[in-house]
Amino acid sequence: MPSVNERRFTESHEWFAADGGVVTVGITPYATNELTDITYVEMKPAGTQVVAGEALGEVESVKTASDIFSAVSGEIVEVNDAVSADPALLNRDPLGAGWLVRIRVDDLSPLEGLLDQDTYDERHPVD
Amino acid sequence: MTPSPAPTAALKHTPLHQFHVDQGAKMVDFAGWDMPLHYGSIIDEHTQVRTRGGLFDVSHMGRLMFTGRDAGPFLDRVCTRAIQSMTDGQARYGIICNEQGGCRDDVLVYRLGETEYLMVCNASNRAKLLEHFAAVKGDDVFRLEDTTESTAMIAAQGPEIMPLIARHSTEIAELKRYRFIRKNIMGLKVLVSRTGYTGEDGVEVIVSTDGFVARTALKMFLKELDDLGDTVRPTGLGARDSLRLESAMALYGHEITEDIDPLSAGLGFAVTLPKKSGDRFIGQDALERIQADGPARTLVGLSLDTRRAARQGMTVRAGGNDTGVVTSGCLSPTLGTSIAMAYVDRAHAAEGTTLAVDLGRQEVGATVVGLPFYTR
């Protein structure tokens, strides 16, 4: 079981940090670097029930549009309006102020199957 | 996000490759060349070119030299513009058409002398053009030399470029648009033209990179760039694309292809029907028919009611019916709005027409607007 605020990562470059029963979701610096300048962020609204493996929303950059996938099931309890208003925030601080949504979950076990920080960084170094 | 693809092998390097790497560029495969997409931020680089100055490595573009008695007549036969009748030191933008009037490529042809011409073509079409020229050369007497990999080409673009150049050379600063000069500086051959692909003023420079003198000179030049500070900054292909799109310049593979003729693409200015000299060019019959009938579809500008970008291939609708397709789109860094170019049926091409673009999961409203989106 991941400890509080210990990040877990997917191969599709989302990060998940659990704090009690609430999981914060974002995308990695590797992802923002690959996407280049992010110009648009649209997440599903608070109150939406999401299922692990489904899209939480979309992030669009100068280059391309990408779905953001959830590794956990639960209810979106908060959406980061700051990144919708200023998508470049995601480029500037993807692990901090650029978080995307918070999800209240009953079951944290899907996070155990994700990559830990060292493994992710080794596979996807930021150049 | 989806996992990124594995890197591709054996990409060509321009003479400035190490410079890009040293500058921390994100490199991408562009038509078989390892090219800088950006050096940090595409939007910042775009704004830099609109407000100050940017430097682009465009050495990947093809540079073909035509030398000999029939070089001029040959170019008049394959290009939509009058070539021989230019004056020395003049360059023209034109299209190399196929028999159906479709675009094999769009090119810039420079007249160096009565029997000497330079053609700059797209990197992705260089091999195809060389094949085409060999196939239609017939008995024409000239030599075609591909100098792409023995020269470098650099574009300097932005409002501060010409004032900066004026401090060093009045001759270059006084060049008119689409005019160029050639210099031979201690064995280093340099061609400077007042041309570009950004909608800003500026120059494009072609230098020989063969031999020690040329390589040393290039190194000195790049070192000099460190001293320019914020006036001129390296700019990648990402900003090059958004800059040309705001200025509504066609990009091969998007607005023009083998299946799209230059008249439908709004490039009538690049087609001379007929040429004064009487020379006829490949594709002229087809273009004359298209001009007589009027193109069925027209390239238009769209302003979208969203901050999302329309992408190539997305469907354009009018009143629920498909009426066209997007060729290029982006969130315009200068205007702050979502802009796109699209081919639409003539009936829906008038400025002010309300259309819709299918962005995949949602359809958004769009208004036909005049091109270009941006003028300096």
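Me: What is the strand order in the open sheet of chain A?
Reply: In this predicted model, the open sheet of chain A has three strands in the order E4-E6-E7 with antiparallel pairing, where strands are DSSP runs of E of at least two residues, numbered from the N terminus, and two of them pair if DSSP finds at least two bridges between them. Residues are numbered from 1 along each chain as its sequence is written, local features need pLDDT of at least 70, and side-chain atom pairs count only at pLDDT 80 or more.

Me: Which are the edge strands?
Reply: Strand E4 (38-43) and strand E7 (65-69) of chain A are the edges, each pairing on one side only.

Me: And over how many bridges do E6 and E7 of chain A pair?
Reply: Strand E6 (residues 55-61) and E7 of chain A pair over five bridges in the antiparallel sense, and A:Glu60 has A:Ala65 in E7(A) as its bridge partner.

Me: Switching to the interface, how many salt bridges does the rule find between chain B and chain A?
Reply: The rule finds six across the interface of chain B and chain A, a salt bridge being a side-chain nitrogen of Lys or Arg within 4 Å of a carboxyl oxygen of Asp or Glu. One of them joins A:Glu34 to B:Lys26, with the closest N and O atoms 3.0 Å apart.

Me: How many residues does each chain bring to the contact?
Reply: Chain B brings 17 residues and chain A brings 24 residues, where contact means heavy atoms within 4.5 Å.

Conventions: Chains are lettered from A and ligands numbered from 1 in the order in which they are written. Side-chain values use heavy atoms; hydrogens and water are left out. Helices (H or I, at least four residues) and strands (E, at least two) are DSSP runs, numbered from the N terminus.
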